[in-house]
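Subject: Structure handover

Hello,

Here is the structure I said I would pass on. My notes on what was found in it follow below.

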Amino acid sequence: SFSEPIAANYLSKINNFEVLGTPISTNVSTSTSLKFNGENTFAFTQANRNLKGKNFVVDVMVNPSDERGDMNVFMHGGPATGMTFGITADRHLFATAKGKTVVSDSIVKFNNMLHQIAYAVEQGADDIIIKFYDGSTLIGDQAIKGVYEGNSIVYLGIGTDSTTYFKGDMLEFRLWNRLLDTSELNEYGGKTLTGYESGLLD
């Protein structure tokens with residue numbers, strides 16, 4: 001389940017994944033998740049999102065396969081100028097933008113369950129601050145020089161390298177056009193939203 005019905009959320013094309021019921025690490029015991037097979041598997045929205053110079057948050061529940069190393073969760077923009085969020089082989093979170101990759105200070109323990117992670121982007125006059133969250137807990141922040149100028153559709157399960165696909169389960173993807181504090185991440189995490197929450201784009 002996404003934060004809105006798929007039809008309303010303009011999810012126009014789905015490639016090679018199946019829908020399964022999967023346990024999640026919240027007060028909800030089971031829910032419907034997207035299962036990506038890691039082989040040319042991705043989804044994307046039809047609507048463009050202009051994130052040029054803007055603060056935003058990507059919030060999603062994932063259960064990455066133990067069989068895969070580095071994998072991409074989210075991409076916005078093109079291969080040369082886009083931004084990618086993902087998970088490293090040792091289960092740190094990473095972000096790539098402006099030709100630079102930064103990683104979280106700590107790993108995330110998924111324990112073979114769907115688990116909430118979040119990437120927050122705070123843009124200044126000449127730098128981008130990426131904050132990594134394990135649930136609602138901050139596990140690192142890193143700076144990238146420059147300003148992100150992406151304006152494109154949103155991709156799930158693929159990154160700007162166009163090769164490192166996500167393998168595993170994904171549930172409740174959200175894109176917010178504002179920063180969320182830890183209490184909001186905790187409040188919204190692992191829950192199906194109404195679609196009318198302040199700042200919720202997708």
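**Notes on the structure**

Serine 65 is buried, at a relative accessible area of 15%. Please keep in mind that the model is predicted. Serine 65 sits in the loop that runs between E6 and strand E7 (71–76). Not counting residues up to four places away in sequence, serine 65 touches Met71, Arg91, Lys167 and Gly168. Between serine 65 and methionine 113 there are 10.0 Å in space, C-alpha to C-alpha, and the two are 48 residues apart in sequence.

**The chain as a whole**

The protein chain has one helix and 16 strands. It counts 202 residues, and 52% of them are buried. The accessible surface of the protein chain is about 8,900 Å², with 47% of that belonging to carbon and sulfur atoms. Taking contacts between residues at least 6 apart in sequence, 65% join residues at least 24 apart.

**Nonpolar cores**

The largest nonpolar core is made up of 34 residues. Within this core, the residues with the most contacts are Phe56, Val62, Val73, Phe85, Ile87, Ile117 and Tyr119. Strand E6 supplies the largest share of the core, four residues. Another core, of ten residues, lies apart from it and includes Val57, Tyr133, Leu180 and Leu193.

**Aromatic pairs**

How many aromatic pairs are there? The count comes to ten. One of them joins phenylalanine 44 and tyrosine 155, with 5.8 Å from centre to centre and 45° between the planes, and this pair is tilted. Phenylalanine 44 belongs to strand E4 (residues 42–45) and tyrosine 155 to strand E15 (residues 154–156), so the pair ties together parts that are 111 residues apart in sequence. Are these two residues buried or partly exposed? Phenylalanine 44 has a relative accessible area of 17% and is buried. Tyrosine 155 has 21% relative accessibility, so it counts as partly exposed; the cut-off for buried is under 20%.

A further pair is formed by phenylalanine 56 and tyrosine 148. Their ring centres are 6.5 Å apart and their planes stand at 50°, so this pair is tilted. This pair also links distant parts of the chain, 92 residues apart. Phenylalanine 56 is in strand E6 (residues 56–64), while tyrosine 148 is in the loop between strand E13 (137–145) and strand E14 (151–152). Phenylalanine 56 is buried, with a relative accessible area of 0%, and tyrosine 148 is buried at 1%.

Phenylalanine 56 and tyrosine 148 are both part of one aromatic cluster, which is formed by Phe56, Phe74, Phe85, Tyr119, Phe132, Tyr148 and Phe173. What is phenylalanine 56 in contact with, leaving aside its neighbours within four places in sequence? The residues are Leu51, Met83, Phe85, Tyr119, Ala120, Val121, Tyr148, Leu175, Trp176, Asn177, Arg178 and Leu179.

**A buried glutamate**

Glutamate 172 is part of strand E16 (residues 167–176). The relative accessible area of glutamate 172 is 3%, so this residue is buried. Which side chain does the side chain of glutamate 172 make a polar contact with? The partner is the side chain of threonine 192, at 3.0 Å.

Regards

Methods
Residues numbered from 1 in each chain as written. Predicted model: local features only at pLDDT ≥ 70, side-chain atom pairs only at ≥ 80, totals over all residues. Heavy atoms only, no water. Phe/Tyr/Trp six-rings, centres within 6.5 Å; stacked < 30°, edge-to-face > 60°. Helix = DSSP H or I, 4+ residues; strand = E, 2+ residues; numbered from the N terminus. Buried < 20%, exposed > 50% of the residue type's maximum accessible area, 1.4 Å probe, protein only. Polar contact = N/O pair within 3.5 Å; in protein donor to acceptor, adjacent residues only side chain to side chain. Contact = heavy atoms within 4.5 Å. Areas by Shrake-Rupley, 256 points an atom, 1.4 Å probe, with all protein chains shown as cover. Core = buried A, V, L, I, M, F, W, Y, C linked by side-chain atoms within 4.5 Å.
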